Amino acid sequence: MAAQPRKRIFVTQRLTDNTQKRLESLTQYDVDQWETGPLSHEELLKCVKGVHGIFCLSSNEINKEVMEAAGDSLKVISTMSVGHNHIDLVEAKKRGIVVGYTPDVLTDAVADLAMALVLMVSRRLVEAVETAKTGGWITMQPNFLLGHQLTGKTAGIIGLGRIGEGLATRLRAFGVKKILYNGRRPKPDVALRAHANYVDLDVLLRESDVVALCCSLNDSTFHLFDYSAFRQMKPSAIIVNVARGEVIKQEDLVAALSNGIIAGAGLDVVTPEPLPVDHPLYKFKNCIVLPHIASATVETRDAMGNLAIDHVVAGIEGQPLQYALDI
Ligand code: DGY
């Protein structure tokens, strides 16, 4: 009997040390990996030819062209991310390809970072560090680098999923009194745990001191935050985004910050990524841009990597995935 051809996996980046070792121990498969910096779409198309499984990140656009380039052998796309807007799910479904993603394991890391952004922006921490380093710290002055505290305030969360709930818990621990939320539909069970109230978007915008974007990117959230949304926010309010850059219409955020329509922004996600170094968002003292690091802890990235490896292996063997997208 002829030997079965070995199954092939393509991995779009080098992994963490622990998960890289595990990947390298999968000697029963032919594993190809892109390890040298960013992978262009053109290179991706070449690399996936004839593979059975693709292990990707949120920075890799897995569209129809990629699935076509892989061909009929492709059985599974395993993304090491909770977000999946970079994958054409309609096309995957048409081709019978299963798609795995990595929720749950990153909830704490992302909620921690969202909380950190809230504190950094509301207490002007980056500006304070810069001031100290550059000789701006002259003497104790009552008016020096005043921020706002969270005690007794109202926070509005867009998307009360796992991360939104995690952030609500953290905000309450910092004294936030009222948590409002908005999303596709009310989520009474989560809301009960998070002590959150479902309200219309305009109410959330009007009443919140902190607005946090924790939703997924889809047709209803694309550019949800435009100039008119910012205009409805309090001038003292801040916005934090750990969702996807495209939830904010970025040029409108630039205009809102320039015109003092809102008090500040903390962004872990932007459009495009990486954001060019001469982008106007970097020029505002009251805007913090992080290089999409919300899930970047050793513990979380190991957990995400392990789960994504489990998924790619299960998918090529025709086994169920722990977290498959319902497509
Ligand atoms: C993801 O995994 O989709 C998030 O962007 C983590 O930050």
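This is a predicted model: local features need pLDDT of at least 70, side-chain atom pairs count only at pLDDT 80 or more; totals for chains, interfaces and linings use all residues.

Which residue forms a salt bridge with K234, and how far apart are the closest N and O atoms? I looked it up: the partner is D209, and the closest N and O atoms are 2.9 Å apart.

I traced both ends along the chain. K234 is in the loop between α10 (227-232) and β10 (238-241), and D209 is in the loop between α9 (201-207) and β9 (210-213). The two are 25 residues apart, so the bridge links distant parts of the chain.

Next I checked how open each end is. D209 has a relative accessible area of 14%, and the cut-off for buried is under 20%, so D209 counts as buried. K234 comes out at 26%, which makes it partly exposed.

How many salt bridges does a search of the whole structure find? I got 18. Side chains of opposite charge can pair when their charged atoms come close.

I picked E68 and R95 to look at. Their side chains meet in a salt bridge at 3.5 Å, N to O. E68 lies in helix α3 (residues 64-70), while R95 is in the loop between α4 (89-94) and β5 (98-100), so this pair ties together parts that are 27 residues apart in sequence. Both ends are partly exposed: I noted 45% relative accessibility for E68 and 31% for R95.

K133 is exposed at 63% relative accessibility, whereas E130 is partly exposed at 39%.

**Into the core**

Which residues have the most contacts inside the largest nonpolar core? My list reads V118, I157, L160, L171 and I179, in a core of 50 residues. This core takes at least three residues from each of domain 1 (8-104 + 298-317) and domain 2 (106-289).

I clicked on V118 to see what it touches. Skipping its neighbours within four places in sequence, I found V118 in contact with L150, L171, V210, I238 and V240. There is also a second, separate core of 33 residues, with V203, L205, F230 and L257 among its members.

**Around the ligand**

Which residues are around the ligand? I wrote down S81, V82, G83, L106, R244, H292, A294, S295 and M304.

- V82 puts a backbone N or O atom 2.9 Å from an oxygen atom of the ligand.
- G83 has a polar backbone atom 2.8 Å from a ligand oxygen.
- R244 uses its side chain, with a polar atom 2.7 Å from an oxygen atom of the ligand.

**Last stop: S73**

Is S73 buried or exposed? Its relative accessible area is 17%, so I put S73 down as buried. S73 is in the loop between α3 and β4 (76-79).

The side chain of S73 reaches two backbone oxygens: that of G50 at 3.2 Å and that of A70 at 3.5 Å. Leaving out neighbours within four places in sequence, I have S73 in contact with G50, V51 and H52.

Key
Residues are numbered from 1 along each chain as its sequence is written. Side-chain values use heavy atoms; hydrogens and water are left out. A salt bridge is a side-chain nitrogen of Lys or Arg within 4 Å of a carboxyl oxygen of Asp or Glu. Helices (H or I, at least four residues) and strands (E, at least two) are DSSP runs, numbered from the N terminus. Buried means under 20% relative accessible area, exposed over 50%, partly exposed in between (1.4 Å probe, protein chains only). A nonpolar core is a set of buried Ala, Val, Leu, Ile, Met, Phe, Trp, Tyr and Cys residues joined through side-chain atoms within 4.5 Å. Domain bounds come from an automatic or database domain assignment. Contact means heavy atoms within 4.5 Å. A residue is near a molecule or strand if one of its heavy atoms lies within 4 Å of it. A polar contact is a pair of N or O atoms within 3.5 Å; within protein, one must be able to donate a hydrogen and the other to accept it, and residues adjacent in sequence count only if both atoms are side-chain atoms.
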